[in-house]
Amino acid sequence: MHSKQPLSVGIVIVAAGRGERAGSPEEGPKQYRPIGGRAVIAHTLERFVTWPQASKIVVVIHRDDEKLLRAALEQVSGLPEIKIAFGGATRQQSVLAGLRALKDSGVTHVMIHDAVRPFFDHDLLDRVAAALADGAPAVLPAMPVTDTLKRGNADGLVIDTIPRTGLHAAQTPQSFRFADILDAHEKAAANGRTDFTDDAAIAEWCNLPVTLAIGSADNVKLTIKRDIAMADEKLSAGLLPDVRTGNGYDVHQLEPGDGVTLCGVFIPHDQKLKGHSDADVALHALTDALLATCGAGDIGDHFPPSDPQWKGAPSRIFIEHAAKIVRERGGTIMNADVSLIAEAPKVGPHRYTMRARLSEFLGISIDRCSVKATTNEKIGFVGRREGIAAIATATVVYRGGKA
Ligand SMILES: Nc1ccn([C@@H]2O[C@H](COP(=O)(O)OP(=O)(O)OP(=O)(O)O)[C@@H](O)[C@H]2O)c(=O)n1
Ligand SMILES: C[C@](O)(CO)[C@H](O)COP(=O)(O)O
């Protein structure tokens, strides 16, 4: 009989995989794809963050995914400090990187979880933690297999029926005494063993007894594209439409010159706009409006005026970057509206071309792009032809809303 042990539980969330079986690489790794309006990993993290027994959390990511993770972290409320480690080519290597990152943290136990299992609940964590507190060195949440199991051959013929009695489908978080599993993983790596598909198997290889805990039917691993679509449908049911509006404002001074660029269109004129880039005041205002729909800061955060690389840069770079950020966060741009406040040159003759350029930069139809202009009735700095101002509004719908 084991006595109850006080636990300090570290969490390792592995998220360094490439999700090849989920296909559609252009949509990015599956752990960052949106389900119910937020990245898969944001749901996973939130469930651990709100579990009172979780102490240190390490997320193991691929080196290419830092930006994706940062964006996902913004979608988690009440986030404590998270440690980030870089994973390896196999899940086993990624877990080891996560365990090493926890080495000096003082945790007594660790739960190792797939980022792509966002549907576990606190009851499951409590069951697993209770088994650890009872003294089990290794605990595996699992579900008894319910389908009949067949072995097939290369010709697609069944060659055997496997009795399912005693068989379980392994889930995560697989949980361990920290020192034991770190040691087991280090030994496996030192012995050149790279073939373990889960951590319980490494514990078994080291002769650690692994205790079964009841898993959860909801705790599925999102593996193929259809799993992600189904998860999205499940979480999106009953959500509010997440329509967000952002605005932006910009002014640039006029000085003698040969023309101005507005909404990406060059208009010959006896003045030019002064600025570090091409000074396209309209695109700058619209860039801010887009960034504002997802709390992504402003144009200066992304393209500091002090940075020489943006000297004379065409402002389409800025707006296309903002549109990419919006899309990466699950947004669909529904409308872009720019008002120019200028005494001259006349905007009217160029309005259609400007709308066409916006449509091209944002990847949306031209009827969703609006350009308007007004003079300032000859008063103020605009009226004195000292500058041109622009106000912009962007409307973006994000997938499934929860305020
Ligand atoms: N080198 C790897 C491989 C996998 N994982 C993580 O392990 C979990 C379970 O793996 P799996 O579903 O197989 O994910 P992928 O390896 O990304 O998928 P695939 O095998 O289809 O490429 C995922 O959270 C995945 O990100 C990891 O951290 N490092
Ligand atoms: C650890 C695991 O989730 C247990 O079912 C699973 O083995 C990981 O998935 P993979 O497809 O083997 O990487």
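Colleague: Which residues surround ligand 2?

Modeller: This is a predicted model, and in it ligand 2 is surrounded by Arg-91, Asp-114, Ala-170, Gln-171, Thr-172, Thr-197, Asp-198 and Lys-221. By class, that shell has four charged, three polar and one nonpolar residues.

Colleague: And which residues come nearest to ligand 1?

Modeller: There are 21 residues around ligand 1, and Val-14, Ala-16, Gly-17, Arg-21 and Ser-94 come nearest. The shell around ligand 1 is made up of eight polar, seven nonpolar and six charged residues.

Colleague: Before going on, what confidence does the predictor report for the chain and the complex?

Modeller: The protein chain has an average pLDDT of 95, and 98% of the residues score at least 70. For the complex, the predictor gives an ipTM of 0.95 and a pTM of 0.72.

Colleague: Back to helix 3, then. Which of its residues are buried?

Modeller: The buried residues of helix 3 are Gln-92, Ser-94, Val-95, Leu-96, Gly-98 and Leu-99. They pack against strand 1, strand 4, strand 5, strand 6 (109-114), helix 5 and helix 6.

Colleague: What does Val-12 touch, leaving out residues up to four places away in sequence?

Modeller: Val-12 touches Val-58, Val-60, Val-95, Gly-98, Leu-99, Leu-102, Val-110 and Ile-112. Among the buried residues of helix 3 are Val-95, Gly-98 and Leu-99. Val-110 is 98 residues from Val-12 along the chain, and their C-alpha atoms are separated by 7.1 Å.

Colleague: What about helix 2? Which of its residues are buried?

Modeller: Helix 2 spans residues 66-73, and its buried residues are Leu-68, Leu-69 and Ala-72. Seen down the axis of helix 2, these residues fall within an arc of 100°, so they line one face of the helix.

Colleague: What is on the face of helix 2 turned away from the buried side, and what covers the buried residues?

Modeller: The face turned away carries the exposed residues Glu-66, Lys-67 and Arg-70. The cover over the buried residues of helix 2 includes strand 3 (38-39), helix 1 (40-49), strand 4 (54-61) and strand 5 (82-86).

Colleague: A change of topic: what domains does the assignment give?

Modeller: The domain assignment gives domain 1, residues 9-236, and domain 2, residues 240-401. Seven residues from domain 1 and nine residues from domain 2 take part in the contact. On the side of domain 1 that touches domain 2, there are three nonpolar, three polar and one charged residues. The C-alpha centres of the two domains lie 44 Å apart.

Colleague: Where is Thr-197, and is it buried or exposed?

Modeller: Thr-197, one of the residues around ligand 2, is found in the loop between helix 5 (178-190) and helix 6 (199-205). Thr-197 counts as exposed because it has 11 C-beta neighbours inside 10 Å, and the label applies to 12 or fewer.

Colleague: Last topic, the backbone. Which peptide bonds are cis?

Modeller: Most peptide bonds are trans. Here, the bond from Thr-172 to Pro-173 is cis, with omega near 10°, and a cis bond also joins Ala-344 and Pro-345, with omega about 0°. Pro-173 lies in the loop between strand 10 (168-170) and strand 11 (174-177). Pro-345 is in the loop between strand 17 (331-341) and helix 11 (351-362).

Colleague: And what is the phi of Cys-263 and of Glu-377?

Modeller: Phi is near 50° for Cys-263 and about 55° for Glu-377, and both are positive values in residues other than glycine. Cys-263 is buried, with 30 other C-beta atoms within 10 Å, whereas Glu-377 is exposed, with 9. Cys-263 is found in the loop between strand 14 (259-262) and strand 15 (265-268), and Glu-377 in the loop between strand 18 (369-374) and helix 12 (380-383).

Key:
Residues are numbered from 1 along each chain as its sequence is written. Chains are lettered from A and ligands numbered from 1 in the order in which they are written. This is a predicted model: local features need pLDDT of at least 70, side-chain atom pairs count only at pLDDT 80 or more; totals for chains, interfaces and linings use all residues. A residue is near a molecule or strand if its C-beta atom, placed from the backbone, lies within 6 Å of it. Ala, Val, Leu, Ile, Met, Phe, Trp, Tyr, Cys and Pro count as nonpolar, Asp, Glu, Lys and Arg as charged, and the others, Gly among them, as polar. pLDDT is the predictor's confidence in each residue, from 0 to 100. A residue is buried if 20 or more other C-beta atoms lie within 10 Å of its own, exposed if 12 or fewer, and partly exposed in between; C-beta atoms are placed from the backbone. Helices (H or I, at least four residues) and strands (E, at least two) are DSSP runs, numbered from the N terminus. The arc is that of the directions from the helix axis to the C-beta atoms. Two residues are in contact if their C-beta atoms, placed from the backbone, lie within 7 Å. Domain bounds come from an automatic or database domain assignment.
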